[in-house]
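Visitor: I would like to learn how to read a few features of a structure. Please show me the model and take me through it.

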Amino acid sequence: MSNYLKVSLSPHIHSKDDTGKLMKGVIIALIPALIASVYYFGWGAIIVTLTSVAACVVFEYAIQKYLLKGPVTITDGSAVVTGLLLAFNVPSNLPVLIIILGALVSIGIGKMSFGGLGNNPFNPALVGRVFLLISFPVQMTTWPVPSGFKTGYADAVTGATPLGIIKEGLRNGETIPQLMNQVPDHMQLFYGYMGGSMGEVAAAALILGLIYMLFRKIITWHIPVSIIVTIAIFTGILWLINPSQYADPLFHLLTGGVMLGAIFMATDYVTSPMVPKAMLIYGAGIGILTVVIRIFGAYPEGVSFAILIMNAFVPLMNAYIKPGRFGKEVKNG
Amino acid sequence: MLKTFPTGGVHPPENKLTAGCKIEILPPPKSVVIPVSQHLGAPAVPVVNKGDKVLAGQLIAKAAGFISANIHSSVSGKVLKIDSHTDTSGYKQTAIFIDVEGDEWVPEIVNGSDPVKEIKLSPEEIVQKCLDSGIVGLGGATFPTHVKLKVPAGKKCDLLIINGVECEPFLTSDHRLMLEKGEEIITGTRIIMKALGVEKAVIGVENNKQDAISLLERLAGKNGDISVQALKVKYPQGGEKQLIKAVTGREVPSGKLPLDVGVIVQNAGTAYAVYEAVQKNKPLVERVVTVTGKTLSRPGNYLVRIGTPVSALIEAAGGLPDNAVKIISGGPMMGKAIGNTQVPVVKGMSGLVVFSGGETERKQYGPCIRCSKCISVCPMGLEPYLLMALSQKVLYEKAGENRITDCIECGSCSFICPAYRPLLDYIRLGKSAVVKMKREKSMK
């Protein structure tokens, strides 16, 4: 018999999930989209993903070990998730050095400078992505068209994204019905047959990931659904008003980073609100900002900016939007 | 339709290993240690001295004031000494040590196991009987029952809820009692109804105890005064406020009592103890304790005398396994880990759970990743992550504003936290500080 009994406060049992398992769950949910990316973009997708993940993990390790001289927590998987998401958010022909720079900004500035996991106000992968977009606008907006392994990493055939074609066309006085002939049809968009960031194209694969995360209770439905519904309603109204100037809602949902953003970027635990009510407001805000940037802004796509802007409101929402308290109907007297 | 409470809750593995084990009677041990404080309120005052001969069922310590409870000897024998002894919570407190000689009971106790259904006593007499017999809430809170049965002037009670939820994993003592003493529990319920003057009672039982639900439904009959409500399995449904919400939809306001929404809740075990006291004249000197754990060779449910050392129960269940690391008095979610096996069985001890290495390990905790799981499981709609942070930073004023005192300490937040953060530990710290602060303020 052991000589001593342990004494501690209740509860004495714990659920099976821990931080590492949740992060692994997110990684598993990203696999269908990763497979789709490799299918569409071949070697480029593989090189970009490996570079980004390795760089993120190495930077986190180096910063924790040599700069902060504290415990190293790369095994919790959060750096791997950041690396995967950064890769998903860049074109598949992005030069390796630029990816490494993006990883440094993501992990170094986006995450560790605020105190590491749990303390960063902005989604680290998006901080890296937007940094690259502003610093390397040409490389970041040169989109390979899906051609699998037929072309290599550096010599990929490039073209415009559907959103880019629409934006450019409207500027040149063309109408939506004319432009729709120049972009893939909705079914192709759903499966991801279009130019774009490496991991954002395959809506079908991303939705599989969403179903898995909901099933595993890694995230709740509030954020993805509120983003998707808001974008659908907002673009739907515009489309009903003037279908020659505004694309239909399904087109908006299936193009660009809406699915990747709604399912994986906006739902980042650390940078999203804590209470369901606030999650809905946050999601609606992202949806509205995305449409405003896409339709009225200078950029063809606005999901990244919309998420980063709403990230900034999260502390405010956490401070003022409280969960429904049990026993709130307090009558004085 | 299965009912449940709407806010929060978790589903820990049920592990009801002893649900099929009949209640076994454990013979009296060689000696017992009976603490004078086994209830909420003032400790009882000993009325026996060293060397006195006592009978089983004899009063040995008297309630000190209104919120207190009588203590009776659970065995016959000689008072060895009145001294301090370590109790379940690890503190020393006064206890009466008795050496057992034979098994003689006070003559007033009605023998025989035939259920007596007719209730002869008046409501006042019932309350007095509960006070005399030292009945306390047996669900774990051990609040003196006679206090609860006296509805204060100006308040109205229209419903009695009997708590047969037993939502804690592992525990089965109430389940077995409902199965084996169903008739007595139904009569006990009617006694409590008479004392309170209510027309209706609902017995709330979780759906993992189908056999108890159908048995009690049959025994309750077609009078319509007592009904059985099946509840969806969810922890902490046995919490008073959660159970009232689940059964009636009424929400006890923050800082108020069940009586403020016209409800009184009593545990199923308490209903049985009330029956024994009123119909059989038998004070509370024994109770059913579930002794369980995956590594015990003979886990079971035992009817045991109050004051019996925990070691005797563990022996009966096959002895402490070599790799045992923790013994919990109560369930694994809210129970207390005890420091040694010489701790005596008390009125509020519903079970003993023995954990072996690995089952109950506390891992090193990491940073909060704001997954908001603690918020989604909190049955009181609080923000455990925030309350922990405020307690750590000694911002008790703010913790009070965020309703830290509403916390029922069910442990769902600590259970679910993927970063293994000790949320409830810090919330307890902050809660006691806020309660103290409020008390000081009201004294000024």
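Visitor: Which residues does Leu313(B) touch?

Guide: Contact means C-beta atoms, placed from the backbone, within 7 Å. Not counting residues up to four places away in sequence, Leu313(B) touches Leu26(B), Val289(B), Val291(B), Tyr302(B), Val304(B), Thr308(B), Val345(B) and Leu352(B). This is a predicted model: local features need pLDDT of at least 70, side-chain atom pairs count only at pLDDT 80 or more, and totals for chains, interfaces and linings use all residues. Residues are numbered from 1 along each chain as its sequence is written, with chains lettered from A and ligands numbered from 1 in the order in which they are written.

Visitor: Which residues touch the most other members of the largest nonpolar core?

Guide: In soluble globular proteins, nonpolar side chains tend to be buried together. A nonpolar core joins buried Ala, Val, Leu, Ile, Met, Phe, Trp, Tyr and Cys residues through C-beta atoms within 7 Å. Buried means 20 or more other C-beta atoms within 10 Å of a residue's own; exposed means 12 or fewer, and partly exposed lies in between. The largest core here has 231 residues, and Ile161(B), Val274(B), Leu313(B) and Leu352(B) touch the most other members. Helix H1 (residues 19-41) of chain A gives the largest share, 10 residues.

Visitor: Why is helix H10 of chain B largely enclosed?

Guide: Helices are DSSP runs (H or I, at least four residues), numbered from the N terminus. H10 (residues 384-392) of chain B is largely enclosed by the rest of the structure because 7 of its 9 residues are buried. Among them are Tyr385(B), Leu386(B) and Met388(B). The cover includes helix H9 (373-377) and helix H13 (423-443) of chain B. Val394(B) follows H10(B), with a positive phi near 55°.

Methods. Helices (H or I, at least four residues) and strands (E, at least two) are DSSP runs, numbered from the N terminus. Two residues are in contact if their C-beta atoms, placed from the backbone, lie within 7 Å.
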